[in-house]
Amino acid sequence: MASISKNLLISGGTGFVGSAIVRAFAEKYPACAITVIDQNPPSAEHALPKGVLYLQVDITSVEGLKKAFAAVHPEIVVHTAGLIPGLAERFRRRLESEVWQVNVEGTRNMLNESKQTGVEVFIYTSSCCVVTDDTINPYPNIDEEWPCSLRSTIYGESKTVAEALVLKASSSDMATCALRPSVLCGPGDCQLLPAIHACIANHETSFLIGDGLNLWDITHVDNVADAHVLAIENLLSTRTAAGEAFFIQNNEPITFRDLCLAIWAQFGHFPPFQVRIPKTMAYIVGFACETVTWAMGTTATLSRGSVRDACAIRYASGKKAKEILGYEARIGIEEAIRLSCEVSHRAHTIPSLKLVLKAPGLRFSSLSCSTSNHRCHRESRVPVNFCGDSDRVSTANYGDFQPCE
Amino acid sequence: MWGCCDHVPGLTLHLISPRWFPFSFAFAPGFWLFLPFRSPLPLFVLLLGAVGFGFFIAVRASDVHASSSPIMGFIGNALYYSFHPMQLRAIIQWKVWHNPPHERNEKNETENQKLCFKFLDLTSRSFSAVIKELHPELLMPVCIFYLVLRGLDTVEDDTSIPLVTKEPILRDFKNYLTQEGWNFTGNRPEEKDRELLVQFNHVVTEFMNLKPEYQTIIKDITDRMGNGMADYAVKAESDDASVKTKEEYDLYCYYVAGLVGEGLTRLFVEAEFGNPALMKRPRLHKSMGLFLQKTNIIRDIREDFDDNRRFWPQEIWSKHVDNFEDLFKPEHLDAALNCSSEMVLDALEHAEECLFYLAGLREQSVFNFCAIPQSMAIATMELCFRNPDIFKKNIKITKGDACHLMHKSTQNLSVLCDSFREYTRKIHKKNTPKDPNFLKISIVCGQIEKFIETIFPTQTAEAAQRKVTGELTAAEAKRKEEDDQNKNDIWFMMGLMGVIVVIVAGLMIFAAWMMGARFDLAFKELTQGNFRPPKSIAHGEL
């Protein structure tokens with residue numbers, strides 16, 4: 001596997017995960033030509049290595065994809081592009097058609113194009129949400145045998161259908177596999193860390209919902225990138241991963257409360273006291289919030305769904321990825337949290353973050369992200385640009401809380 | 001799949017097991033009627049007797065409030081247990097319901113064997129009870145193994161013996177085991193277990209009676225441990241004996257406890273009470289010993305410090321304080337607590353492997369023998385974690401907690417895992433983000449929980465599948481059917497009551513009518529809105 005000199009095409013490659021995969025792959029296989037297709041041009045925040053070709057393509061447009069594939073002739077395709085609704089919309093169905101259009105139809109287009117142009121390897125960035133978004137179950141130590149759900153959230157459902165499409169398409173001509181990363185963190189993360197950090201400014205850190213014992217296993221973005229590289233290597237050689245899905249995580253489950261406490265501690269904040277709010281009570285309050293905001297015509301940050309997320313048990317055994325892909329987390333969770341927080345410090349985003357969160361009306365929005373998976377609008381870190389001059393409202397990234405990816 | 005041992009209680013235990021015990025009270029009132037006297041007085045007497053018995057056991061068994069006079073001690077205990085009924089309950093439960101898997105048969109023992117058991121009682125506080133419940137095959141070997149190591153330890157501990165005498169004794173100790181009549185009188189008089197070495201010839205006699213396989217194992221471990229101790233003593237003489245690095249710390253713990261774990265494991269496997277795979281994974285039995293030893297070292301920090309011994313590695317404490325003595329100064333309490341929690345973290349990393357090891361044991365008494373100290377260790381660890389008292393005095397888990405733990409450690413691996421999870425969560429709860437090792441402790445706690453979840457999953461993928469598709473298992477379907485049946489019964493009962501009410505009401509109305517009640521007038525008044533009878537009746541005509 002020392003020298004691969006093939007063409008790699010990656011969708012969503014200017015986003016959070018996409019750019020990390022590009023960097024990891026380019027570092028290991030400098031001889032490969034990498035092409036990034038995305039709606040958003042490369043940004044300083046999610047830097048791409050030199051020599052990477054960028055094409056502005058919308059994956060929902062078949063013509064655009066045809067042109068890109070014709071220009072690149074890729075042998076390897078990594079499909080990370082997707083649409084994640086923000087927290088406010090996570091448990092609602094208002095954006096169902098948009099999410100479906102990008103996540104399912106976009107994936108179908110990518111698959112069709114790949115098949116027609118003779119792609120050998122197709123890697124899909126799925127999500128643990130295909131299983132864990134169905135809140136009917138707790139998910140302790142799950143493995144890939146656990147069922148995907150078709151009745152969860154609009155995001156979970158769309159990813160389930162898209163993943164099934166990808167895995168079904170695996171053949172001797174084109175081997176496919178799907179990686180299901182858990183909640184992501186890392187430098188440039190605009191969802192998990194800012195959302196948890198925002199609790200400091202909102203004086204919410206002293207309140208613990210539920211028993212505080214529920215374990216989560218989050219993933220550093222570079223580890224997910226490693227997993228993608230390993231999956232590519234596998235499908236180019238032994239193909240033992242063909243047609244398979246894998247949970248990817250740091251394999252260090254910690255309680256959600258501890259994750260929050262550790263992040264706050266990085267910013268020098270320690271909750272002065274702790275009040276435990278029973279889950280049922282929080283659930284009722286969430287329902288009340290939902291009702292009020294529904295009546296007012298706004299969207300709520302506290303909802304039954306967010307209470308369920310905060311109390312959910314979600315971690316996988318990680319055995320299959322280790323055995324078949326040889327995946328092990330290179331960056332431990334402690335370092336992962338430190339790195340994520342350091343970048344936030346350096347970028348001076350935190351003071352502006354507070355301003356943003358205190359500004360009325362900016363906390364709630366309809367759509368958190370652009371069409372690239374795991375990414376936020378890069379202007380979102382400059383508060384001046386928030387004031388509605390962009391067609392996509394991106395402020396919600398901060399107030400929002402993304403439990404998956 | 002893990003081949004762990006299952007507890008197979010005898011028939012008698014089934015009949016009077018704690019599970020059925022509460023139900024027997026349900027029959028008590030009925031039973032009472034058969035007695036010749038029907039006053040509640042005997043019941044009170046019985047109750048009083050039970051409470052008295054409980055206190056008696058508790059007082060005898062506990063040293064919670066050690067006091068100068070036995071009467072004061074009794075009162076102290078009585079007061080303590082009045083406010084801690086759960087503790088008392090745990091003690092009584094253990095005393096009443098614990099059914100030893102094996103009991104030593106004193107009738108068949110020789111005088112010499114009895115003497116060895118006497119020494120066992122004298123030298124060990126916690127181990128003697130569990131050793132005496134071991135399977136007869138291993139009873140004597142483990143007892144002798146313990147006494148041999150205790151003898152070795154007594155030589156090593158005695159600071160009054162000069163190195164020139166001590167070193168050869170430690171190195172040659174294995175040979176004394178086969179020297180009929182060997183004993184040692186060189187200990188200072190105040191040495192606690194001096195008597196054992198003075199009469200060591202009895203131990204030697206019993207050692208020679210063991211099966212040759214067991215002799216080889218015990219001899220080998222004695223050899224390695226004796227040499228390890230001798231090396232340590234030489235080093236202590238020549239330069240600073242304090243433990244510097246974490247590696248040295250692990251090595252020290254390996255010599256004093258890890259080797260014992262190895263020896264015991266070899267005995268278990270030799271007797272076919274343990275999975276032979278345990279020998280292929282030396283990390284597991286090493287962890288068993290290290291977990292226990294590290295717990296003791298954390299708990300005994302104050303005692304060891306007062307005896308001028310330091311086992312906490314410099315590599316750890318130097319991160320928190322400049323001088324070892326600072327750990328005990330109130331102004332450095334925060335640093336000392338952070339240091340102790342790093343020590344706990346270091347020890348907790350063995351917990352997972354301990355559970356893994358216990359899964360490989362095949363015999364109940366061997367399981368109990370190994371599991372009890374482990375669960376005590378994790379409870380002690382929880383007690384010591386972020387507890388400022390460890391720097392002030394010697395602390396211990398309460399007698400009640402110990403009994404509760406012993407009860408839970410003598411069932412099966414699943415129950416033991418529950419205790420481990422319980423104490424892991426308690427440790428996790430005390431963890432604070434101000435501690436530099438906050439996240440590491442959180443990770444190790446998560447790791448233990450994940451491991452338990454791996455051996456005993458709370459929900460399987462198949463069950464989740466059924467839940468998602470809405471399918472029911474046969475048992476669930478049956479229960480649902482029963483529930484439906486019950487619901488029907490309830491509706492029927494309510495209907496029946498309704499019918500009875502209607503019939504009774506009808507009969508009453510009929511009777512009233514027969515006696516001349518004017519329902520027509522009453523109804524008319526009601527329609528006019530007069531819901532009360534007229535206040536007074538006018539008797540104008542009279």
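1. Helix 9 of chain A. In this predicted model, F256(A), R257(A), D258(A), L259(A), C260(A), L261(A), A262(A), I263(A) and A265(A) of helix 9 are buried. The helix covers residues 256-266 and is mostly covered, with nine of its 11 residues buried. The buried set includes R257(A) and D258(A) as well as L259(A) and L261(A). G268(A) follows helix 9 and has a positive phi, near 75°.

2. Chain A overall. Chain A has 15 helices and 15 strands. Of its 405 residues, 57% are buried. Take the contacts in chain A between residues at least 6 apart in sequence: 81% of them join residues at least 24 apart.

3. Confidence in chain A. The average pLDDT of chain A is 82, and 83% of the residues score at least 70. Residues 348-405 need separate reading. There, pLDDT stays under 50.

4. The annotated domain. An unreviewed UniProt entry places "domain: 3-beta hydroxysteroid dehydrogenase/isomerase" at residues 9-272 of chain A. In the model, that span is 40% helix and 19% strand. Its end C-alpha atoms lie 50 Å apart.

5. I37(A). This residue sits in strand 2 of chain A, residues 33-38. I37(A) counts as buried because it has 31 C-beta neighbours inside 10 Å. Setting aside neighbours within four places in sequence, I37(A) is in contact with L9(A), S11(A), G13(A), L55(A), V57(A) and A68(A). Q56(A) is 19 residues away from I37(A) in sequence, and their C-alpha atoms are 5.7 Å apart in space.

6. Two asparagines with positive phi. N141(A) is not a glycine, yet its phi is positive at about 50°. N141(A) belongs to strand 6 of chain A, residues 139-142. It has 23 C-beta neighbours inside 10 Å, so N141(A) counts as buried. N308(B) is also not a glycine and has a positive phi of about 65°. N308(B) lies in the loop between helix 17 (301-306) and helix 18 (314-317) of chain B. With 8 C-beta neighbours inside 10 Å, N308(B) counts as exposed.

7. Helices 10 and 11 of chain A. Helix 10 (residues 279-296) packs on helix 11 (residues 304-311) at an angle of about 150°. Their axes are 7 Å apart. Helix 10 and helix 11 of chain A are therefore roughly antiparallel to each other. Helix 10 makes the contact with K279(A), A282(A), Y283(A), G286(A), F287(A) and E290(A). Helix 11 brings R304(A), S306(A), V307(A) and C311(A). By class, the contact has five nonpolar, two polar and three charged residues. A general point applies when reading the helical positions: an α-helix has 3.6 residues a turn, so residues three or four places apart point the same way.

8. Chain B overall. Chain B has 27 helices and zero strands. Of its 542 residues, 36% count as buried. Among contacts in chain B between residues at least 6 apart in sequence, 74% join residues at least 24 apart.

9. UniProt, in an unreviewed entry, lists "transmembrane region" for residues 20-37, 44-62 and 490-514 of chain B. In the model, residues 490-514 are 100% helix and 0% strand. The end C-alpha atoms of that span lie 36 Å apart.

10. K235(B). This lysine is in helix 13 of chain B, residues 212-238. K235(B) counts as exposed because it has 12 C-beta neighbours inside 10 Å, and the cut-off for exposed is 12 or fewer. K235(B) and D306(B) are 71 residues apart in sequence. Their C-alpha atoms are 21 Å apart in space.

11. The contact between the chains. Chain B gives 21 residues to the contact and chain A gives 26. On the side of chain B that touches chain A, helix 24 (438-455) and helix 25 (461-469) each supply at least two residues. Helix 24 of chain B gives the most to that side, with 10 residues. By class, the residues on the side of chain B divide into eight nonpolar, six polar and seven charged.

Terms used. Residues are numbered from 1 along each chain as its sequence is written. Chains are lettered from A and ligands numbered from 1 in the order in which they are written. This is a predicted model: local features need pLDDT of at least 70, side-chain atom pairs count only at pLDDT 80 or more; totals for chains, interfaces and linings use all residues. A residue is buried if 20 or more other C-beta atoms lie within 10 Å of its own, exposed if 12 or fewer, and partly exposed in between; C-beta atoms are placed from the backbone. Helices (H or I, at least four residues) and strands (E, at least two) are DSSP runs, numbered from the N terminus. UniProt positions are given in the numbering used here, feature names are shortened, and annotations may be inferred rather than shown by experiment. Axes are lines fitted to C-alpha atoms, for helices over the stretch in contact, and angles run from 0 to 180 degrees between N-to-C directions. Angles under 35 degrees count as roughly parallel, over 145 as roughly antiparallel, 65 to 115 as roughly perpendicular and the rest as oblique. Two residues are in contact if their C-beta atoms, placed from the backbone, lie within 7 Å. Ala, Val, Leu, Ile, Met, Phe, Trp, Tyr, Cys and Pro count as nonpolar, Asp, Glu, Lys and Arg as charged, and the others, Gly among them, as polar. pLDDT is the predictor's confidence in each residue, from 0 to 100.
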